[in-house]
Amino acid sequence: MPVTVILGTQWGDEGKGKAIDTFAGDFDFAARYNGGNNAGHTIINEFGEFKIHLVPSGIFYPRVKCLIGGGVVIDPAVLIEEMKSLGHAGVKLEKRLFISPRAHVIMPYHKILDGLYEEAKGAGATGTTRRGIGPTFADKVSYNGIRWSDFADKEAFANKLRMQVALKNKIIAALGGSPLDFDKVHDEYRGYYDGIKPFITELFGIVQDGLRNGKKFLLEQAMGSILDTDWGTYPFVTASTTLASAATAGLGIPPRAISRVIGVTKAYTTRVGAGPMPTEVKDDARAEKALSEVAATTGRIRRGGWFDAELTRFAAQVNGIDRLFLTKLDILSEFEEIKVCTGYEFNGRRVHYYDLDAYQLERVQPIYKIVKGWHSDIRGIRKYRDLPAKARAYVEMIEKLSGVKVGWVANGPQREAVIVRQ
Ligand code: GDP
Ligand code: IMO
Ligand code: MG
């Protein structure tokens with residue numbers, strides 16, 4: 001398939017890093033097209049264990065060229081750190097990593113404002129990663145952003161930055177924060193640019209030549225479908241589009257070139273940060289412990305809940321998902337009984353996810369089906385037919401409820417822990 005998009009169908013952290021690592025070896029290009037270093041994609045392979053924030057997860061396969069598209073916002077300090085740690089692990093980046101000059105740069109004032117807005121909103125806060133994502137995208141669409149291309153002309157860059165620091169200092173001061181020193185920010189960022197400059201190049205020609213020559217592209221979404229700015233649980237969402245369609249603007253790929261969309265879906269649900277989560281487990285300490293996790297980017301606790309078919313069905317429809325990559329089935333092995341949400345009721349009426357806003361979703365009643373668990377260790381199994389019958393029934397129930405075939409089942413964090421079902 002020439003262009004494959006891999007995306008999460010829930011609230012992020014579905015195991016996209018692992019899914020990408022499964023497929024990337026067969027591709028010529030791997031690319032990021034949205035989000036920024038709010039993403040944390042875990043990959044465990046022969047190089048070690050990585051929580052990747054910006055570099056495409058395909059970087060571990062030497063033949064794969066990696067692109068960071070103009071739709072991504074970049075914190076240069078995080079990128080440089082990530083490049084260093086990949087270098088230390090023996091991963092070569094030269095002539096393999098290409099960064100769009102159109103990508104916007106996360107500046108110190110974006111991170112400060114992210115925190116100040118969250119604090120000002122108190123109980124109504126989104127629970128962002130405080131990486132400056134929202135304020136950077138806000139500057140992008142309000143014509144105040146700074147892109148990598150702006151660094152080329154030193155004087156023009158200094159003027160632009162001086163103006164932005166002055167503007168942002170007024171807002172920072174009004175919100176009770178400490179103003180920034182222009183010279184300090186300027187010198188720090190010129191230093192970052194020197195490190196990143198060799199990797200900056202316009203991607204349009206690379207992508208178009210690749211498409212014309214039948215090269216294969218793997219496009220890696222960050223965040224999850226239900227964090228999408230338009231279709232997620234607004235305002236408890238992220239600031240960039242997370243849908244498959246975002247790859248077209250974020251990378252310069254025509255919509256018709258996308259030939260396959262794979263949806264990565266956890267066998268249960270997690271969510272980091274605030275916002276509605278209809279299937280969150282709150283009254284069962286054992287289940288709560290089993291289903292919650294530690295976040296890859298912020299170290300916060302991910303809220304745990306049962307599988308929500310209403311969400312995955314919606315994500316499948318809005319993204320045009322062809323196949324599901326089901327992760328973390330092994331985590332459900334300890335349960336005698338497993339709950340699955342088949343749909344929602346609101347004020348006694350059957351409703352869909354998309355009928356309600358975030359505040360109504362807080363009050364929705366999930367309709368549960370309770371199934372018997374398989375209650376045995378499935379981590380070493382590599383063939384679908386070797387899974388316990390109850391585990392297979394669970395997988396097949398998910399595909400029936402979601403309306404999409406499950407093509408792969410992951411049963412462990414390691415690279416080899418994938419059962420191919422096709
Ligand atoms: P991403 O943001 O979608 O790439 O997901 P994260 O890396 O943030 O979170 C997924 C977590 O689940 C990571 O710690 C992975 O190592 C882990 N993981 C992925 N697939 C599986 C699986 O099938 N079983 C188990 N036990 N862990 C998994
Ligand atoms: P990956 O790619 C899980 C969530 C934050 C918060 C909301 C807005 O690893 O799946 P932001 O910092 O983006 O302004 O925060 O979005 N969020 C994620 N949750 N996984 C992610 O990325 C996320 N990226 C953002 O927790 O609720
Ligand atoms: Mg993650």
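Predicted model: local features only at pLDDT ≥ 70, side-chain atom pairs only at ≥ 80, totals over all residues.
Which residue's side chain meets that of arginine 379 in a salt bridge? The partner is aspartate 377, with N and O 3.1 Å apart.

**Salt bridges**

- Side chains of opposite charge can pair when their charged atoms come close.
- In the pair that opened this briefing, aspartate 377 counts as exposed because its relative accessibility is 52%.
- Glutamate 337 and lysine 372 also form a salt bridge, and their closest N and O atoms are 3.1 Å apart. Glutamate 337 belongs to strand 16 (residues 337-346) and lysine 372 to strand 18 (residues 365-372), so this pair ties together parts that are 35 residues apart in sequence.
- Of these two partners, glutamate 337 is partly exposed at 42% relative accessibility, while lysine 372 is exposed at 53%.
- Another salt bridge brings together the side chains of lysine 51 and glutamate 49, at 3.5 Å from N to O. Here lysine 51 is partly exposed, at 38%, and glutamate 49 is exposed, at 51%.

**Around ligand 1**

- Ligand 1 is surrounded by 19 residues, and the closest are Lys16, Gly17, Thr42, Arg302 and Asp330.
- Aspartate 330 has a side-chain N or O atom 2.7 Å from a nitrogen atom of the ligand.
- Aspartate 13 places a polar side-chain atom 3.0 Å from an oxygen atom of ligand 1, and a polar backbone atom of glycine 15 is 2.9 Å from a ligand oxygen.

**Two buried residues**

- Threonine 312 sits in helix 10 (residues 309-319). Its relative accessible area is 0%, so threonine 312 is buried.
- Beyond its neighbours within four places in sequence, threonine 312 contacts Thr9, Gln10, Thr265, Phe307, Leu324 and Ser402.
- Asparagine 37 is found in the loop between strand 2 (29-32) and strand 3 (41-45), and this residue is buried too, with a relative accessible area of 2%.
- Not counting residues up to four places away in sequence, the residues that asparagine 37 touches include His53, Asp75, Arg131 and Thr297.

- Tyr117, Ile171 and Leu175 make a nonpolar surface patch of about 230 Å².
- One of these residues, isoleucine 171, lies in helix 5 (residues 154-174) and counts as partly exposed, at 33% relative accessibility.

Conventions:
Residues numbered from 1 in each chain as written. Chains lettered and ligands numbered in written order. Heavy atoms only, no water. Patch = residues over 30% accessible without salt bridge, like charges linked within 9 Å, V, L, I, M, F, W, Y side chains within 5 Å. Areas by Shrake-Rupley, 256 points an atom, 1.4 Å probe, with all protein chains shown as cover. Salt bridge = Lys/Arg side-chain N within 4 Å of Asp/Glu carboxyl O. Helix = DSSP H or I, 4+ residues; strand = E, 2+ residues; numbered from the N terminus. Buried < 20%, exposed > 50% of the residue type's maximum accessible area, 1.4 Å probe, protein only. Contact = heavy atoms within 4.5 Å. Near = heavy atom within 4 Å. Polar contact = N/O pair within 3.5 Å; in protein donor to acceptor, adjacent residues only side chain to side chain.
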